[in-house]
Amino acid sequence: MPRMLQPGNRGPGKNAPVNAPPVPAARAVVDCGVYVDGIRQPTGTDFRRALAFVRATGSGFVWLGLHEPDERQMSDVAEAFGLHPLMVEDAVHAHQRPKLELYDDTLFLVLRTVKYIDHNDDEVANDIVETGEIMVLAGRDFVITVRHGAHTHLAGVRHRLEAKPDHLKLGPATVVHAVADRVVDSYVAVVAEMESDVDEVEERVFAASSRDVDIDVVYLFKREVLQLRRAVSPLGSPLNLLSENKGMLESTSLTPNSKEIRRHFRDVADHLTLVNERVSEYDERLTALLNAAATKVSTQMNTDMRKISAWAGIAAIPTAAAGIYGMNFDYMPELHWKLSYPILLIALFSVCFSLWRIFHKHHWL
C-alpha cells in the first residue's frame with residue numbers, strides 16, 4: 001500500500017532539564033575538517049583548532065557539521081566563529097521556513113528535508129509527514145551545517161566533495177551548493193515515489209466495483225502533498241537569489257569564482273521548479289479526487305434512498321389494506337365473502353408486482 005510520510009523527531013537537546021549540566025559542544029559535532037585547495041588537511045575534528053589553523057595560514061576553509069545542538073553547544077560554536085545571535089537562535093530551534101538571510105558577511109540558508117516512508121496501514125497514518133531541517137551558515141573561511149532530524153545525513157555529500165578537490169577548492173559556496181543539491185534531489189525522489197501512490201488512490205476512487213469510497217485516504221494524501229509543498233515552494237526564492245544575484249556570493253567572499261557556482265545553483269533551481277510543478281499537479285489531482293469521491297458518495301446515498309423509497313412504496317400497499325380491514329366495522333360485506341381472502345391476496349400481489357416492475361424499469365430497484 002501507499003508509502004507515507006511520517007513526523008520527524010525532535011532533538012534531544014530541546015527537552016533537556018533546565019538545571020542539566022552543560023554538554024560540551026564537541027558532543028554535537030558530527031565531523032569537522034579543514035580544506036585547502038580542495039584537499040582535507042590532517043587537523044583533527046576540534047573546530048577551534050581547525051579555525052585557528054585556517055586563519056593563521058590564511059588559506060582554505062573549515063567545514064563543521066553539527067547534529068541537533070542545544071543552546072549552550074551552539075553558543076560555544078557562535079563564540080568561536082563570531083556568529084550573529086539571531087543565527088544561533090534559528091539554528092537551535094528547528095521548524096523554520098526555508099529562507100536565505102545575510103548577516104554582515106555570513107550567509108544563512110535554511111532547507112527543509114522530507115522523507116517518504118513505506119507504509120502498509122492507512123489507519124495509523126494520521127501524521128504522515130516526516131520533515132527535518134538543515135541550516136547552512138557560510139562565511140569567508142568556514143561553513144557550518146546544522147542538521148535536525150534523523151534522515152538529514154550529509155556524510156555522503158562530504159565524501160563526494162572530498163573526491164572532487166577541483167570542485168571543493170572553489171570555497172564554502174561549493175558546500176552550500178552541494179547541500180542544496182542533495183536536498184532538492186531528495187525532493188525529486190519523493191515526488192517520483194508519490195506518483196504511484198496518487199495513481200493508486202485515483203484507481204481506488206474510480207473503481208467500478210467500489211461501493212464505499214474511503215475519503216479519509218484521499219484527504220491524508222492531500223495533506224501529505226500540502227506538507228511537501230510547504231517544504232519545497234519557499235526554497236525557490238533563496239535559490240533564485242543564489243543563482244541570479246552576483247553580489248550575494250561576492251559580498252560574503254564565499255567563492256573566488258561566483259559565476260561557476262551560480263551556474264550550479266541555477267541547475268538546482270531548475271530541478272526545484274520541476275518538483276514544484278509535480279507537487280502542484282498532485283495537489284490538483286487530489287483536489288479533483290476529493291470532489292469526485294464526495295460526489296460518488298452523494299450519488300450512492302441518492303441511489304440507496306431511491307431503493308429505500310421504492311420498497312417503502314411497495315410495502316405501503318399491504319399496510320394500507322391491513323389498516324382498512326383492521327378497523328372492525330360491522331358492515332363490511334367483503335368480510336363475509338368466501339373468496340374475499342384469496343381475491344385480496346391476488347390484488348395486493350398484483351399491485352405490488354406492478355409497482356416493482358415500474359421501479360425496476362426506472363432503475364430505482
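Helices (H or I, at least four residues) and strands (E, at least two) are taken here as DSSP runs, numbered from the N terminus. On that basis the chain has 11 helices and 9 strands. The model is a predicted one. Of the chain's 365 residues, 43% count as buried. Among contacts between residues at least 6 apart in sequence, 72% join residues at least 24 apart.

**Nonpolar cores**

The largest nonpolar core holds 55 residues. Those with the most contacts inside this core are Trp63, Leu109, Val175, Tyr187, Met194, Leu228 and Leu239. Three strands, S4 (61–67), S6 (106–115) and S8 (130–138), each supply at least two of the core's residues. So do the helices H4 (155–162), H6 (172–205), H7 (215–232), H8 (236–244) and H10 (258–325). H6 gives the largest share of this core, 15 residues.

Neighbours within four places in sequence aside, Tyr187 is in contact with Arg112, Thr113, Val114, Ala231, Val232, Leu235, Leu272 and Val275.

**Helix pairs**

| Pair | Axes come within | Crossing angle |
|---|---|---|
| H1 (47–57) and H2 (71–81) | 10 Å | roughly 15 degrees |
| H4 and H6 | 10 Å | roughly 130 degrees |

Angles under 35 degrees count as roughly parallel, so H1 and H2 are roughly parallel to each other. H1 passes H2 in a right-handed crossing. On the H1 side, the contact is made by Phe47, Arg48, Leu51 and Arg55. H2 brings Asp76, Val77, Ala80 and Phe81. By class, the residues of this contact are 5 nonpolar, no polar and 3 charged.

The axes of H4 and H6 cross at roughly 130 degrees, which makes H4 oblique to H6. H4 passes H6 in a right-handed crossing. Val157, Arg160 and Leu161 of H4 meet Thr174, Val175, Ala178, Val179 and Arg182 of H6. The contact of H4 with H6 divides into 5 nonpolar, 1 polar and 2 charged residues.

**Helix H3**

H3 spans residues 85–92. Its buried residues are Met87, Val88, Asp90, Ala91 and Val92. They pack against H2, S6, S8 and the strands S5 (99–103) and S9 (142–148).

Conventions: Residues are numbered from 1 along each chain as its sequence is written. This is a predicted model: local features need pLDDT of at least 70, side-chain atom pairs count only at pLDDT 80 or more; totals for chains, interfaces and linings use all residues. Side-chain values use heavy atoms; hydrogens and water are left out. A nonpolar core is a set of buried Ala, Val, Leu, Ile, Met, Phe, Trp, Tyr and Cys residues joined through side-chain atoms within 4.5 Å. Buried means under 20% relative accessible area, exposed over 50%, partly exposed in between (1.4 Å probe, protein chains only). Contact means heavy atoms within 4.5 Å. Axes are lines fitted to C-alpha atoms, for helices over the stretch in contact, and angles run from 0 to 180 degrees between N-to-C directions. Angles under 35 degrees count as roughly parallel, over 145 as roughly antiparallel, 65 to 115 as roughly perpendicular and the rest as oblique. A crossing is left-handed if the near helix is turned anticlockwise from the far one by less than a right angle, and right-handed if clockwise. Ala, Val, Leu, Ile, Met, Phe, Trp, Tyr, Cys and Pro count as nonpolar, Asp, Glu, Lys and Arg as charged, and the others, Gly among them, as polar.
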